[in-house]
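User: Could you walk me through this one step by step? I'm new to reading structures.
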Amino acid sequence: MELWIPGPVPVSEAVRQAYGVEPPSHLAPDFKAAFSRSLQAMRRVWLAGDDHQPFVVAGTGTLAMETTAVNLVDPGDRVLVVNLGLFGDRMAEMLARRGARVFQIGPAPGADLDLAEVERALDEHAPTVLFATHVDTSTGARVDVQGLCALAQARGVLTAFDGVCATGAERTEQQAWGADVVFTASQKAIGLPAGLALWVCSPAAMARRRALKSPPPLVLDWLSWLPIMVAYEAEQNSYFGTPPTTLIPALDVALADLLDEGMEAVFARHAQVGAYVRERFVAAGIRPVAQTPANTLTAGYLPEGVDGPAALGALKERGFVLAGGLHPLLKQTTFRLGHMGTVIRDRSRVERVVDAVIEVMGR
Ligand SMILES: *Cc1c(COP(=O)(O)O)cnc(C)c1O
C-alpha cells in the first residue's frame with residue numbers, strides 16, 4: 001500500500017535505518033553530534049541567517065503552532081490571522097485562548113488572497129503580529145509569503161508562518177524575505193515519521209519573547225528550550241525534557257539529504273511535480289480547488305457523479321491511499337493527493353498514482 005496523503009509521507013531507506021535502532025542516550029557523543037548538525041542544517045533548509053535560532057522539540061505541528069502563538073503574543077495584543085482554511089481557524093483559536101484580540105482576513109476556500117486587502121487590514125487593525133499558513137492543507141492553496149512579509153515589515157509587524165505543509169518543499173527564504181517565525185513538523189515535506197516540531201526564529205522574534213509581560217506555559221516557552229538548543233548545537237548537553245533520541249538522528253539524515261540535493265533543486269522538483277499533477281488532473285476533468293495551488297499537495301473537486309468514499313476505496317484496492325476532503329465546506333466534494341518528500345524523486349511512482357486517480361475518477 002502506498003501512502004499519498006498530505007502527511008505522514010513515506011520516508012527514505014536511510015531515514016528508516018537512522019531511527020530503527022536501539023534508542024541512544026541523550027548524552028551519547030554521536031547523538032550530540034547529530035543534534036548539532038540538525039540545528040545547523042535547519043538554518044540552511046529554511047534559508048535563515050546565522051543569527052536565527054532553530055528549535056527541535058518532541059511534538060506535532062499543532063504544538064509548533066501553539067508555541068508560536070504564546071511566545072509572540074501577550075494577552076490583549078492585537079493580531080491579524082490570514083486565514084485560508086482549517087489551520088487558520090486553529091491558529092485563531094489558539095491566539096484567542098492566549099487572550100489576544102484576533103482579527104481575521106481570508107478569501108473563500110481555495111480563492112486567491114488579495115494582498116491589497118491584507119494591507120488595508122494591517123492599517124486598520126494595527127496588529128503586532130501577522131500569522132499565516134504557507135500552504136493550507138485543507139484547500140491546497142498557497143499564499144505569497146514574500147508579499148506578506150514585505151507588507152508587514154513596512155509597518156513593523158512581526159510575521160509567523162505555518163509551514164507544516166510547505167517547509168522543505170515550497171520556496172522559503174526566511175532571511176531574505178524577513179519572516180520572523182517559520183515552523184513545521186517532521187512528517188510532512190521534511191520526510192520523517194511524526195514526532196518532531198521544528199521552528200526557526202529571527203532575532204526579532206526572540207526579542208519579542210523576551211519582552212513579553214506574561215510568560216508562556218513552561219513547556220511551550222522558547223526560553224525553556226533555548227539553552228538546550230544552544231548546548232546541543234555546541235555538541236554539549238543540557239536537560240529540560242528528554243529529546244527524541246531516535247528521531248533526531250533521522251532528522252540529521254533527512255536534512256543532509258535535502259541539502260545534498262540543494263534547496264533550489266528541491267523547490268524545482270516539487271514545482272515540476274505539482275504542475276504535472278495539476279495538468280493531468282485538469283485534462284481529465286478534475287479541477288483543483290486552489291486558484292494559486294501548492295506544490296506539496298493537490299486538493300481536487302470530485303468530478304460530477306463521483307462518490308468520494310467509493311473512489312478512495314477503489315484507489316485503495318489498486319494500492320494507493322489518498323485523503324478525503326478536510327475543509328468543513330469541502331468535505332463531501334473534494335479529495336486530496338499529497339506529493340511531497342523524497343518519494344516524488346521517482347517520477348514513475350507519481351505517474352502511476354496519477355494514472356490510477358484518473359482511471360477511477362477522471363472522465
Ligand atoms: C498537518 C498540518 C498541521 C498540523 O500538524 P500536526 O502534526 O498534525 O499537528 C498544521 N498546519 C498545517 C498547514 C498542516 O498541514
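User: Where is Pro8 found?

Analyst: Pro8 sits in the loop between strand 1 (2–3) and helix 1 (13–19), where helices (H or I, at least four residues) and strands (E, at least two) are DSSP runs numbered from the N terminus. This is a predicted model, in which local features need pLDDT of at least 70 and side-chain atom pairs count only at pLDDT 80 or more, while totals for chains, interfaces and linings use all residues. Residues are numbered from 1 along each chain as its sequence is written, and side-chain values use heavy atoms, with hydrogens and water left out.

User: And the peptide bond from Gly7 to Pro8, cis or trans?

Analyst: The bond from Gly7 to Pro8 is cis, and its omega is near -5°.

User: OK, new topic: which residues come nearest to the ligand?

Analyst: Of the 13 residues around the ligand, the nearest are Gly61, Thr62, Thr137, Asp162 and Lys188, and a residue counts as near if one of its heavy atoms lies within 4 Å of the molecule or strand in question. By class, this shell has 5 nonpolar, 6 polar and 2 charged residues; here Ala, Val, Leu, Ile, Met, Phe, Trp, Tyr, Cys and Pro count as nonpolar, Asp, Glu, Lys and Arg as charged, and the others, Gly among them, as polar.

User: Which helix gives the most to that shell?

Analyst: That is helix 3 (residues 61–72), which gives 3 residues to the shell around the ligand.

User: What about polar side-chain atoms, say of Thr62 and the ligand?

Analyst: A polar side-chain atom of Thr62 lies 2.5 Å from an oxygen atom of the ligand, and one of Asp162 lies 2.7 Å from a ligand nitrogen atom. A polar contact is a pair of N or O atoms within 3.5 Å; within protein, one must be able to donate a hydrogen and the other to accept it, and residues adjacent in sequence count only if both atoms are side-chain atoms.

User: Back to helix 3, at what angle does it pack with helix 4?

Analyst: Helix 3 and helix 4 (residues 86–97) pack at about 40°, with their axes 9 Å apart; axes are lines fitted to C-alpha atoms, for helices over the stretch in contact, and angles run from 0 to 180 degrees between N-to-C directions.

User: Last one: where is Ala126, and what is its phi?

Analyst: Ala126 is in the loop between helix 5 (115–125) and strand 5 (129–133), and its phi is near 45°, a positive value in a residue other than glycine.
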